[in-house]
Amino acid sequence: MGGMREQPRGTAGPGRSVRWLPTGSPAVTAAPYAAPAGGGGHCRDTRPVAPPTPAAEDRARQDVGARLARRFPDTPPEVLDAVLAEEFAAFASAPLRHYVPVLVFKRVCRRLAGDGPAGAEAGGEPE
């Protein structure tokens, strides 16, 4: 009953057992992995460091258009292009440009699927 508590160490599962080590044991206190250069934990930092280039935005716009054309094959291309242009225009002044293609894709999908106006979920007025 001394003052030492034990913690599980290892993985339990079929044919495996859990090894118990005292709390102060070096095996428990040592990090199970080495932190990458630059710190920040176990994953490398993937946050954007600069706004996307105009070429990257054009590629993203084309990619969103192609994905929407595959998802809604019965929608005429001119309707798809018009809705896509409207939604991209809604984000024209967005300061964080990296997420615009994802947001546009979701809003266009909602509009084309008939789930209501895209502006309703973003706090805009329903049409």
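Student: In which helix is Leu-103 found?

Tutor: In this predicted model, Leu-103 lies in helix H4, which covers residues 100-113.

Student: Why does Leu-103 count as partly exposed?

Tutor: Its relative accessibility is 38%. Buried means under 20% and exposed means over 50%, with partly exposed in between, so Leu-103 at 38% is partly exposed.

Student: What makes Leu-96, Tyr-99 and Leu-103 a nonpolar patch?

Tutor: Patch residues need over 30% relative accessible area and no salt bridge, and nonpolar side chains are joined within 5 Å. Leu-103, at 38%, is over the area cut-off. Together with Leu-96 and Tyr-99, Leu-103 forms a surface patch with about 290 Å² of accessible area.

Student: Which residues of H4 are buried?

Tutor: Val-100, Pro-101, Val-104, Phe-105, Arg-107, Val-108 and Cys-109.

Student: How do you know that the span of H4 is close to the expected value?

Tutor: The expected span is 1.5 Å times one less than the number of residues. H4 has 14 residues, for which 20 Å is expected, and its first and last C-alpha atoms are 20 Å apart. Just after H4, Gly-114 has a positive phi of about 80°.

Student: Why is Thr-75 called buried?

Tutor: Thr-75 has 19% relative accessibility. The cut-off for buried is under 20%, so Thr-75 counts as buried. Thr-75 sits in the loop between helix H2 (54-71) and helix H3 (77-90).

Student: What does Thr-75 touch, not counting residues up to four places away in sequence?

Tutor: Thr-75 touches Leu-80 and Leu-112.

Student: How many of the 127 residues, as a percentage, count as buried?

Tutor: The buried share of the protein is 19%.

How values were computed:
Residues are numbered from 1 along each chain as its sequence is written. This is a predicted model: local features need pLDDT of at least 70, side-chain atom pairs count only at pLDDT 80 or more; totals for chains, interfaces and linings use all residues. Side-chain values use heavy atoms; hydrogens and water are left out. Patches are made of residues with over 30% relative accessible area and no salt bridge: like charges are joined within 9 Å, nonpolar side chains (Val, Leu, Ile, Met, Phe, Trp, Tyr) within 5 Å. Accessible areas come from the Shrake-Rupley method with a 1.4 Å probe; for residues, only the protein chains shown count as cover. A salt bridge is a side-chain nitrogen of Lys or Arg within 4 Å of a carboxyl oxygen of Asp or Glu. Helices (H or I, at least four residues) and strands (E, at least two) are DSSP runs, numbered from the N terminus. Buried means under 20% relative accessible area, exposed over 50%, partly exposed in between (1.4 Å probe, protein chains only). Contact means heavy atoms within 4.5 Å.
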